[in-house]
Each structure stands twice: as C-alpha cells, then as structure tokens.
Amino acid sequence: KGRTIWGYRIRGVNPVDNPVRIWVQGALHGDEKATPDGVMLLVQNVLIDAALANEVELLVVPIANPDGYARAQRQSASGMDLNRDMMMRQGHENQLLMSFFNDFMPEVSVDFHEFRPYRSDFTEIGTRGVTAYYDNMFLGSSNLNIPEVLRTEIASYVETASAAASTWGYRTHPYFVPEDDHGSMRMRLGSASSRSTATNYALHNCVSALIETRGVGQGRSALKRRVHSMAVIGLSYVKKAASNPEHLREVLRAALVDPAGPVVDVNQPIEKRSYTFIDLAKRDAANFDFATRDYSLMEPKSVRPKPKYYLLSVSALSPELVRSGFFASIERRTFFEEPVMAYLVVQESNGFGANNQRTQKVHCNQSKMKVSGDFLVLAMNGNCSRLWYELMEPELENSLVRNGLIESSVGSHLPYYAIYETY
C-alpha cells in the first residue's frame with residue numbers, strides 16, 4: 001500500500017514551439033495487466049519516428065493504480081474502483097492523477113483498459129454461452145454536456161483508429177455491455193457517465209479515448225496481440241493529433257465558447273441491435289439481437305440556460321470536497337446582496353451508488369434571491385466549464401448533491417447558485 005505513481009513527460013529531441021499535449025495512461029484497474037506494456041510500446045513507436053516525436057509532448061502514466069496492479073486486483077488498495085471515482089475523487093490515486101492532468105492541460109487523452117471476454121452473463125446467450133468476438137472496443141462519450149463539436153471530433157478519432165486497427169486484422173466495435181432489464185438482458189452501447197475517464201477527461205475540454213482490449217482473466221494468453229493492438233490504436237490518436245494541430249485547437253476553442261446550457265434530463269430510445277459473439281456451441285462467430293440503450297441516440301429533454309458562473313458557498317466545503325481537489329485553484333470572492341438563481345429542493349430520495357457510496361437523487365426548482373457571504377466563483381470560460389455543469393446541476397447523475405458531497409433536504413436551498421447574463 002502507498003506505492004508511487006510514476007509519470008513521464010516525453011518530448012522529441014527537437015520539439016516544435018507548441019507541441020500537441022497528449023496524456024496516456026494504463027492500469028487504472030490493477031487487473032488489466034497488459035495495459036502498461038501497451039502504453040510503453042506506444043511511447044517506443046512515437047520515439048522511433050523523430051518527426052512525429054517532435055510534434056507532440058506526452059505525459060505518460062503506465063500504472064495509474066500501482067497497489068491494485070501489484071495485487072492483480074481491479075480496485076485500489078482501499079477497495080475503490082478508481083474509474084467510478086472520477087466525480088468524487090476520494091481515492092488518493094485520482095487526486096494525484098487529476099492534479100497532474102489539470103497542470104498538463106492535455107489536448108488529447110488515451111486511457112488503456114482491458115475487458116473480460118467471458119462474463120457470467122454471457123452464459124445466458126446461445127445454448128452453451130458465448131465469448132467476446134472483438135479485440136478492441138472504443139468507449140467514447142455521448143454525454144450531451146460535452147459540446148457537439150467536441151463529440152464529433154472524438155468520433156472522428158475513433159473512426160480513424162478503428163481503420164488503423166483493421167489494417168492489422170484487429171476487430172473493433174463501440175463498447176457495449178449487458179445490463180438487466182426487468183429480468184431480461186439488453187445491451188448498453190456507449191457511455192455518458194462522467195464517473196469514467198472517457199467522459200470525465202472530455203469534460204476537461206480534450207479529445208478523450210478509453211480503449212478496451214480483450215484480456216482480463218487471460219493471463220499471458222495472446223499478450224503480444226493485446227499489447228500491439230493497444231499501441232496501434234494509440235499511435236493512430238497521436239498521429240491524427242500531430243497531423244493537424246491547428247484543426248484540433250480550433251475544435252477545442254469552439255467547444256470552450258459553445259453557448260449551450262446544461263442538459264439536466266434526456267430522452268434515450270431503446271432499439272434492437274445485432275451483436276457478434278463467438279458461440280461456444282458452434283465454435284464460430286454468430287449474431288444475436290438485443291434491445292439496446294444506444295447512448296449516441298440520446299436527445300435533450302430538459303435544458304437550463306448557460307450560467308456566467310456558479311457561486312459555491314465556502315461554508316459548504318466539507319473535508320471530502322477539499323480532498324477532491326476540484327476547487328483547489330478557484331477564486332474566492334465576497335458578495336453582498338448579489339442577485340442569483342437559487343436551487344430549491346422539491347423532491348429527494350436516497351440510495352447507494354458506485355463504490356457503495358451514499359447518493360441523494362433530487363429535483364430542484366430555480367428561484368430568484370439575493371445572497372451575501374464568501375463564495376467560490378466557478379467561471380464558465382475555462383477548460384473545466386463543462387465539468388461544472390456535471391458537478392453543480394443537482395439533478396445530474398454525478399453532481400455534488402447526487403454523490404452526497406453536498407447535503408440536501410426537501411424545502412431547503414442548496415448552498416450554491418447560478419448567475420446568468422440576465423437576472
């Protein structure tokens with residue numbers, strides 16, 4: 001317990017004046033044992049191409065969860081799933097990682113993972129069960145609080161990387177996973193949860209990728225293939241970013257000033273889709289149809305205006321919020337009779353979420369009022385502005401209120417407020 005997380009900042013011998021900043025990490029889940037090798041093979045392939053190496057600056061974290069990696073377990077030493085902690089940051093590992101991540105301000109991020117090809121619920125498919133058909137799966141993000149221009153750019157990187165993988169014979173697919181639907185199985189295709197790096201890093205205004213490779217529980221089986229496929233896909237991201245940094249930065253600038261306000265509720269249709277598996281009875285590929293929640297088809301149902309900034313009362317800073325590091329560099333200011341829009345809690349229910357942490361599901365009405373006191377000012381003109389949506393809009397799945405980091409009760413106002421262009 002308490003092992004060091006090593007990170008390496010890497011440039012070419014003769015770097016350009018403003019190289020593209022790319023964050024690369026592996027082993028956030030400690031049982032995904034091939035990911036550090038995938039990270040390092042990617043680094044090697046970048047460095048042997050001198051021209052490419054000069055165009056980029058890498059910040060590489062081969063083993064993001066060293067205690068879990070040493071124990072070959074998914075969780076950290078404290079028993080926490082670190083890829084479900086990105087919106088609470090109660091794990092020391094995530095606090096350290098995100099401190100470096102925010103200092104580096106990556107324009108592209110690549111997070112390598114592995115998935116288990118044979119799951120217990122796969123026994124319910126076919127006559128004798130199935131196993132995974134695909135070598136790699138891409139977990140992008142369909143979170144509607146990521147500006148559309150950035151979501152489109154992320155999708156273009158996936159398309160390019162999938163084509164690069166296919167030239168080596170690797171089979172790829174957008175990430176999907178079974179889920180229970182009132183006793184029957186359906187598929188969840190894609191993701192929108194800011195608890196995971198796929199969405200969380202994109203909410204920091206960068207092109208984000210979470211790459212899943214078939215491998216958990218396989219030991220050293222097909223190790224070279226697993227490592228090589230990661231490096232091929234990662235190299236595709238590096239090359240695409242380096243080939244046109246002006247376009248990449250124009251996309252990120254456009255995302256930064258996007259006028260869309262926070263989406264606080266969505267419509268998500270269910271459609272039937274066909275998926276390919278390896279049928280263990282036939283020992284061959286076979287297709288199966290499932291009802292599917294496709295995150296890419298989500299549409300906004302309820303949207304609030306874009307604030308100029310949020311005000312968070314300093315009195316609401318619990319030890320857990322301070323430890324998270326979310327507000328470490330945020331301006332403090334004293335206000336007197338400041339006109340704001342308050343959040344009044346009108347419905348609430350309690351439960352438990354990721355890492356067995358208490359959750360509070362609320363619905364709020366907004367109302368005008370004036371406030372005085374000391375506040376943190378969360379401005380909407382920085383790289384984290386879309387992250388503030390996810391944290392501060394109380395109805396969202398990973399808000400401070402939902403995650404229990406801000407207490408709430410029906411009939412009370414939350415200790416933070418939104419300020420709009422017009423009151």
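# Close-up views of a predicted model

**View 1. The largest cavity and the residues around it.** Pro147, Leu150, Ala202, Leu203, Asn205, Ala255, Leu256, Gly382, Asn383, Ser385 and Arg386 line the largest cavity. Please keep in mind that the model shown here, and in every view below, is a predicted one. The space inside the largest cavity comes to about 50 Å³. A search of the whole structure turns up one cavity of 30 Å³ or more. Sorted by class, the lining of the largest cavity has six nonpolar, four polar and one charged residues. Two helices, α8 (245-256) and α10 (385-392), each contribute at least two residues to this lining.

**View 2. Helix α5 meets helix α8.** Here we turn to a helix pair. The axes of α5 and α8 come within 8 Å and cross at roughly 150°. On the α5 side, the contact is made by Val149, Leu150, Glu153 and Tyr157, while α8 brings in His247, Leu248, Val251, Leu252, Ala254 and Ala255. These contact residues divide into eight nonpolar, one polar and one charged.

View 3. Side chains of opposite charge can pair when their charged atoms come close. Arg253 and Glu250 form a salt bridge through their side chains, with 3.1 Å from N to O. Both residues sit in helix α8, three residues apart, which is about one turn of the helix. The structure as a whole holds 23 salt bridges.

**View 4. The seven-stranded sheet.** Which strands build this open sheet, and in what order? Seven strands follow one another as β1-β3-β2-β4-β10-β6-β7, with mixed pairing. β1 (8-11) and β7 (172-174) stand at the edges with a single partner strand each, so one side of each is left without a neighbour in the sheet. Direction ignored, neighbouring strands of this sheet are turned by 20° against each other on average. At the β7 end, strand β6 (residues 136-139) pairs with β7 in the parallel sense over three bridges. Within this pair, Met137 stands opposite His173 in β7.

View 5. Helix α1 (residues 35-47) lies across β1, β2 (20-25), β3 (56-61) and β4 (108-115), and runs at about 160° to β3. Helix α5 (residues 148-166) lies across β4, β6, β7 and β10 (207-214), and runs at about 35° to β10.

**View 6. Gly140 in the loop between β6 and α5.** Where does Gly140 sit? Gly140 has its place in the loop between β6 and α5. The C-alpha atoms of Gly140 and Ala155 are separated by 7.2 Å, and the two residues are 15 residues apart along the chain. Setting aside its neighbours within four places in sequence, Gly140 is in contact with Ile154, Ser191 and Ala198.

**View 7. The five-stranded sheet.** A second open sheet is made of five strands in the order β5-β12-β13-β9-β8, again with mixed pairing. β5 (130-132) and β8 are the edge strands, and each pairs on one side only. From one strand to the next, the twist averages 60°. Strand β12 (residues 270-279) and strand β13 (residues 284-294) run antiparallel and are joined by ten bridges. Ser274 stands opposite Asp289 in β13.

View 8. To finish, we zoom in on one end of the five-stranded sheet. Strand β8 (residues 176-181) pairs with strand β9 (residues 184-189) in the antiparallel sense over six bridges. Glu179 has Arg186 in β9 as its bridge partner. Two residues lie between β8 and β9 in this hairpin, and His182 in the turn has a positive phi of about 55°.

Definitions and conventions. Residues numbered from 1 in each chain as written. Predicted model: local features only at pLDDT ≥ 70, side-chain atom pairs only at ≥ 80, totals over all residues. Heavy atoms only, no water. Pairing = 2+ DSSP bridges. Helix = DSSP H or I, 4+ residues; strand = E, 2+ residues; numbered from the N terminus. Axes fitted to C-alpha atoms, helices over the stretch in contact; angles between N-to-C directions. Contact = heavy atoms within 4.5 Å. 1 Å grid on protein atoms, 1.4 Å probe; cavity = no way out; pocket = protein on both sides within 12 Å on 5 of 7 lines; lining within 4 Å. Points joined across faces, edges and corners; volume = space filled by probe spheres on them. Nonpolar A, V, L, I, M, F, W, Y, C, P; charged D, E, K, R; others polar. Salt bridge = Lys/Arg side-chain N within 4 Å of Asp/Glu carboxyl O.
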